[in-house]
Amino acid sequence: MALRIEDYGIVGDLQTVALVGRDGSVDWLCLPDIDSPACLAALLGDDSHGSWRVAPAGAGTCTRRRYRGETLVLETEWETPDGHIRVTDLMPPRGRTPDMVRIVEGVSGRVAVESVLRPRFDYGAVVPWVTESPSVLGTERSGTVCAVAGPDALNLAATVPHTVSGETIGSRFEVSAGDRVSFVLSYHRSYDPVPEPVDAEEALSDTLEYWRDWVGRTRYEGRYGDAVRRSLITLKSLTYAPTGAIAAAATTSLPEQLGGVRNWDYRYCWLRDAAFTLLALLSTGHREEAKAWREWLLRSVAGDPADLQIMYGLDGRRRLPETTLDWLPGYEGSTPVRVGNGAADQLQLDVWGEALVGLSLTRSNGIAEDEDTWRLQRSLLDHLEGHWDDVDNGLWEVRGPQRAFVHSRVMAWAGVSAMIRGVERFGLDGPIDRWRLLRESIRTDVLTHGYDAERNTFTQFYGSRGLDAALLLIPRVGFLPWSDHRVIGTVDAVQRELGRDGLLLRYRQDADGVDGLAGTEGTFLIASFWLVDALHAIGRDAESHALFERLLGLRNDLGLLAEEFDVTAGRQLGNVPQAFSHLGVVNSARILSGIRGAGTDMTGMPEHPTD
């Protein structure tokens, strides 16, 4: 029986992320990068598709687990009839090679422990050739086991002996109070020299120091500080250090409906997700990540502005062809399992706005830009000026017909506004009178065609009676003030029509034939955080705080959130950890705490501007 999505914790090295279950099994690990093929893929199948379990022999799920302080070092404990052990999991920030370190510590009694590693490359499709060679790790002589297939190689070193049975690498040993046994799993290209394994204890010390130093640079004095810092650590774990990109999530194909077909690959950098993540990082003092993302963005979007994509690979590559992995049965039978994402080829006009808003956020937070950066932004706006009223697929990447989505046009308006602010506030050069006319034209069009006066609400697209949770962002980007009756009416309508047990759907999949896919999905967590912000902004503070605290209660015991929540089954759904969900924690906590000043909204101005 598969573990629930919330039964997993994460460790990572700022280039990839491993999922560690309550049973001590690493069931998802992509190497060398977060969007590389998985070498442990039991998450989407079973142990035969790759896993690595370290736990007491015969024991099930752990007694308790936690992160060691405000770090990404995971501690999992078992109390058994024979004694008590602790397994510490970590991935030290990347040096020459990616390494996963697991340290078994005896706390009390004497406990028999097993390590069982089943490496499988290419998402479980390729069984490697496993060989042993002598080496030294720490103070005890042991064997290093090497698993090789094609260009990929894994090396497992430990302070206890291994046995190899076919393609499975096992160890069985006992620990008493004070004993420590170390495992180091390293990846390298099979044609490169075998790397020396890191020292496990030094790696632990270095990793703790790294995270304590990083969290120590956080500037946040509001309420819910523990939750905010845990979500910031999670967001940081999804950054890709070599380029500055920010992955939307660490996994692919965790379903939005159990047993359904809504299974997508989120291991890439979406411009809109990254723009909101920037807001969370900048508002809490983490400017280096914003600078790195801006450089990634400028490299990725360089070229013809008409070719702007909604997402890119973490290295900035454009081609992300979507394929299915038919040999994987999927999480709880949810197929197909997909890698790549066909939505990269969709037209989503809001991303031009999101790119311009994201660059405006870095500018408003004192990150200097040069003439080339501004010239690129002008070229993006030149394209948007001629295409803002095209029909598109919308921000939710629907696979139905293209429509005149209200959110797409509102974000076009926001992008133009960001450029106008660049001229007005920062003295940059541009045809501001023309841009002001353009901004007013978009605004008039949306107010005329995207608003249903009879129901006092904006709609999902022109001519629709359906709603969309993204309509809650209309005042967030400054399009209308929060006090406007059309905004208040939209908040009420979205809450009423998209609400499910107090949480929000993105939109109704059965409305207006917009979706193009079978089945349904769970409530969307970032949409529910947007509702928190909206309720606060229109003066319904008690309701806003109650909803926020309920959302915090949906996190797992490690403070992690996936993309969605199934209110009927009472469990998380979708890819995990989801950047959108965690930036919702940070931004909503900041807003509810009344923090302004350094914290800016998507306009680059303090939240909730007056009329």
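Strands β7 (residues 74–80) and β8 run antiparallel to each other, paired over 7 bridges. A hairpin of 2 residues takes the chain from β7 into β8. Keep in mind that this is a predicted model; its mean pLDDT is 92, and 94% of the residues reach 70 or more.

**Around strand β8**

- How many residues of β8 (residues 83–90) are buried? The count is 8 of 8, so "buried" here means each has under 20% relative accessible area.
- In a regular strand, side chains alternate between the two faces of the sheet.
- In β8, G83, I85, V87 and D89 point one way, while H84, R86, T88 and L90 point the other way, and all of them are buried.

- Strand β27 (residues 564–566) joins β28 through 3 bridges, in the antiparallel sense.
- Within that pairing, E564 faces L573 of β28.
- As a general point, strands of a sheet pair through backbone hydrogen bonds, either parallel or antiparallel.

**Empty space inside**

- Rolling a probe the size of a water molecule over the atoms shows where empty space is left.
- In this model, 6 cavities have a volume of 30 Å³ or more.
- The largest cavity comes out at about 260 Å³.
- Which residues lie closest to its centre? They are Y266, L395, W396, E397 and R506, out of 23 residues that line the largest cavity.
- What kinds of residue make up that lining? It divides into 12 nonpolar, 2 polar and 9 charged residues.

**Where to be careful**

- Two stretches deserve a second look.
- Over residues 135–141 the pLDDT is below 50, and the model gives this stretch 14 contacts beyond near neighbours in sequence.
- Residues 604–611 also have pLDDT below 50, with 24 contacts beyond near neighbours in sequence in the model.
- Where pLDDT is low, the predicted coordinates should not be read in detail.

Notes:
Residues are numbered from 1 along each chain as its sequence is written. This is a predicted model: local features need pLDDT of at least 70, side-chain atom pairs count only at pLDDT 80 or more; totals for chains, interfaces and linings use all residues. Side-chain values use heavy atoms; hydrogens and water are left out. On a 1 Å grid over the protein atoms alone, a cavity is a set of points where a 1.4 Å probe fits but cannot get out, and a pocket is an open set with protein on both sides within 12 Å along at least five of seven lines; lining residues have an atom within 4 Å of a point. Grid points are joined across faces, edges and corners, and a volume is the space filled by probe spheres set on the points. Ala, Val, Leu, Ile, Met, Phe, Trp, Tyr, Cys and Pro count as nonpolar, Asp, Glu, Lys and Arg as charged, and the others, Gly among them, as polar. pLDDT is the predictor's confidence in each residue, from 0 to 100. Contact means heavy atoms within 4.5 Å. Buried means under 20% relative accessible area, exposed over 50%, partly exposed in between (1.4 Å probe, protein chains only). Helices (H or I, at least four residues) and strands (E, at least two) are DSSP runs, numbered from the N terminus. Two strands pair if DSSP finds at least two bridges between them.
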